[in-house]
Structure formats: C-alpha cells, structure tokens
Amino acid sequence: MPKTFLPLVGNSNPPQKVVIDPITRIEGHLRIEAQVQNGQVTDAWSAGTMFRGIELVMQGRGPRDAWIFTQRICGV
C-alpha cells in the first residue's frame, strides 16, 4: 500500500531527492526525479531512453491531430 506524506507546516527541512526508476507499464525505460521540500515538489526531471519520433511527426500539426497518430504508435 502506498504511503502518503503530508507537509509539516512551519518546518523548513532541507530539500530531498525522490527517484522513481524504473516506471513500469510503458514501452521503454522512464526515470522520474523530484526535489521535495516541506512535502511539496519544488523541481522535477524525467529521462527516457526510447525515441519513437512522435514529436517529429507532430511538428507543425495541431494538438487535435495527436490522437490519430498516437493510437497507431502507442501499442498499449
């Protein structure tokens, strides 16, 4: 069962780094890092190793076109 962490009011703890690696249920590999201070995410980074090129296909197209392409590429 996941644990929920609540912020401590009035506490100025030093920032902590939270790393979730690997993130499952996706194709490829994904890593998320977050900097948390006083129970709130102050900064976050993501890194993935699989390049499928959907960003290049979508360049110059409207956001409403994305579902047409992604449903054929995703495979999940």
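These are my notebook entries on a predicted model of one protein chain.

**Ground rules**

I number residues from 1 along each chain as its sequence is written, and my side-chain values use heavy atoms, with hydrogens and water left out.

**Entry 1: the overall layout**

I began with the secondary structure and found two helices and three strands. Both kinds are DSSP runs numbered from the N terminus: helices are H or I with at least four residues, strands are E with at least two. Along the sequence I read the pattern β-β-β-α-α.

Next I looked up the surface. The accessible surface of the chain comes to about 6,800 Å², and carbon and sulfur atoms hold 56% of that; the method is Shrake-Rupley with a 1.4 Å probe, and for residues only the protein chains shown count as cover. How much of the chain is made up of buried residues? The figure is 7% of the 76 residues, where buried means under 20% relative accessible area, exposed over 50% and partly exposed in between (1.4 Å probe, protein chains only).

I also checked the contacts, meaning heavy atoms within 4.5 Å. Among those between residues at least 6 apart in sequence, 11% join residues at least 24 apart.

**Entry 2: the sheet**

In what order do the three strands lie? They form an open sheet in the order E1-E2-E3, with antiparallel pairing; two strands pair if DSSP finds at least two bridges between them. Strand E1 (16–20) and strand E3 (40–48) are the edge strands, each pairing on one side only. From one strand to the next the twist averages 20°, taken between axes that are lines fitted to C-alpha atoms (for helices over the stretch in contact), with angles from 0 to 180 degrees between N-to-C directions.

I then went through the bridges. E1 and E2 run antiparallel and are joined by five of them. Gln16 has Val36 in E2 as its bridge partner, and Val18 has Ala34 in E2. Ala34 in turn stands opposite Ala44 in E3. E2 and E3 pair over eight bridges, also in the antiparallel sense, and Gln37 is partnered with Gln40 in E3. The hairpin of E2 and E3 has two residues between the strands, and there I noted Asn38 with a positive phi near 55°.

**Entry 3: Glu33**

Is Glu33 buried or exposed? Its relative accessibility is 17%, so Glu33 counts as buried.

Its side chain makes polar contacts with the side chains of Lys17 (3.1 Å) and Arg31 (2.8 Å). A polar contact is a pair of N or O atoms within 3.5 Å; within protein, one must be able to donate a hydrogen and the other to accept it, and residues adjacent in sequence count only if both atoms are side-chain atoms. Leaving aside neighbours within four places in sequence, I listed contacts of Glu33 with Lys17, Val18, Val19, Asp43, Ala44 and Trp45.

**Entry 4: Pro15**

Last, I looked at Pro15, in the segment before E1. Pro15 counts as partly exposed because its relative accessibility is 42%. Which residues does Pro15 touch, not counting those up to four places away in sequence? I found Gln35, Val36 and Gln37. Pro15 and Gln37 are 22 residues apart in sequence, yet 4.5 Å apart in space, C-alpha to C-alpha.

Definitions and conventions:
This is a predicted model: local features need pLDDT of at least 70, side-chain atom pairs count only at pLDDT 80 or more; totals for chains, interfaces and linings use all residues.
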